[in-house]
Amino acid sequence: MSAIAQPLAVRLRHPRRARGAGALATLARRRAALTASNPRQILVPLLGPAVLAMVVAPALKVATGGLHSHLDYQSFVGVGTVGLVVPLTCIFAGLSVIVDRHSGAQRELLAAPIPRSFLVIGNLVVAVGLAALQVIVLIGLSALRGGTFHIDVSGLAWFTAAALLFAVFMYGVAETLASRVSKQEEYIGATPVVAILPFFLAGALFPIGAMPGFLTWIAKLMPLTHAMALMRYAFVDPTGKGLHDIWGTGNVTVEAWLSLAVVALFAAALTIISVRVFSRSAVK
């Protein structure tokens, strides 16, 4: 008799996925080391907004008489400059994604046993943290220059929620753009439209009602307009004039919640879009 050897079945282990929190922390530390490893990378995006808040705003206040209202124009612009520093910070963070794709470790990270969304979220955490630090410095500089801010617990909560959600939205825009654009030059060329133009249309230097009617309606559709109206309601204008200019309901609390919902909706939508666009571009 001849015996026929039966092949033994060998069960291969599937690669274990890294734990979510640990993987995200590792990715965030890596991104922080690349984009915020020295004071220059943190302070340079602040230069333009800081000059605007500390030099241009006081000069405009003297030259034009401010807003001719109970609001302090210097504080009005000081909060408005948040609408410039956050987009610039997030756009610069998105640029590093393109660099990582061409000459960094993105291919190796895509092969790691982690969800691809973690790469986007890890970058998002660093961009939002850096933006938060710069906003704190900016408001502090504006206050030292003479800005008048009325800060309490509820106002701080409104300001924090609006600023963080807007930063999440802007990084979603930056990540999506970085995934769709292959060249750094093309990405930089889009920066004025994405990060700077909305700053002027959303009422950073003047109320949106001062613009022509069709531009006022466009401003009402922009998340930056809602974010700045909320931040001014929190720190500068308890009467919520900026919120009234958007909604016109007369109930400032309802208007604040409506504007916060708008910013949150944009933030959630762009985060989902950025993850999907990144995941699709990664397999090309």
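Okay, let's start with a hole: the second largest cavity has a volume of about 30 Å³. This is a predicted model, by the way, and it holds two cavities of 30 Å³ or more.

So who lines the second largest one? Val120, Leu124, Val168, Tyr171, Gly172, Thr271 and Ser274. By element, α6, α7 and α12 each give two or more residues to that lining, and α7 gives the most, with three.

Let me pick out Ser274 from that lining. Serine 274 sits in helix α12, residues 252-282. Buried or exposed? Buried, because its relative accessibility is 2%, and the cut-off for buried is under 20%. What does the side chain of serine 274 reach? The backbone oxygen of threonine 271, at 2.7 Å. Leaving out residues up to four places away in sequence, serine 274 touches Val120, Gly172, Glu175 and Thr176.

Now α6, residues 117-144. With 28 residues at 1.5 Å each, helix α6 should span 40 Å, and its end C-alpha atoms are 41 Å apart, so the two agree. After α6 comes glycine 146, with a positive phi near 120°.

Last stop, the core. The largest nonpolar core has 72 residues, and Val86, Phe159, Tyr187 and Met231 have the most contacts inside it. Helix α7, residues 153-180, gives the most to this core, with 14 residues. Take phenylalanine 159: again leaving out residues up to four places away in sequence, its contacts are Val79, Val82, Val135, Ile139, Met231, Ala234 and Phe235.

That's my tour, thanks.

Note on methods. Residues are numbered from 1 along each chain as its sequence is written. This is a predicted model: local features need pLDDT of at least 70, side-chain atom pairs count only at pLDDT 80 or more; totals for chains, interfaces and linings use all residues. Side-chain values use heavy atoms; hydrogens and water are left out. A nonpolar core is a set of buried Ala, Val, Leu, Ile, Met, Phe, Trp, Tyr and Cys residues joined through side-chain atoms within 4.5 Å. Buried means under 20% relative accessible area, exposed over 50%, partly exposed in between (1.4 Å probe, protein chains only). Helices (H or I, at least four residues) and strands (E, at least two) are DSSP runs, numbered from the N terminus. Contact means heavy atoms within 4.5 Å. The expected span of a helix is 1.5 Å times one less than its number of residues. A polar contact is a pair of N or O atoms within 3.5 Å; within protein, one must be able to donate a hydrogen and the other to accept it, and residues adjacent in sequence count only if both atoms are side-chain atoms. On a 1 Å grid over the protein atoms alone, a cavity is a set of points where a 1.4 Å probe fits but cannot get out, and a pocket is an open set with protein on both sides within 12 Å along at least five of seven lines; lining residues have an atom within 4 Å of a point. Grid points are joined across faces, edges and corners, and a volume is the space filled by probe spheres set on the points.
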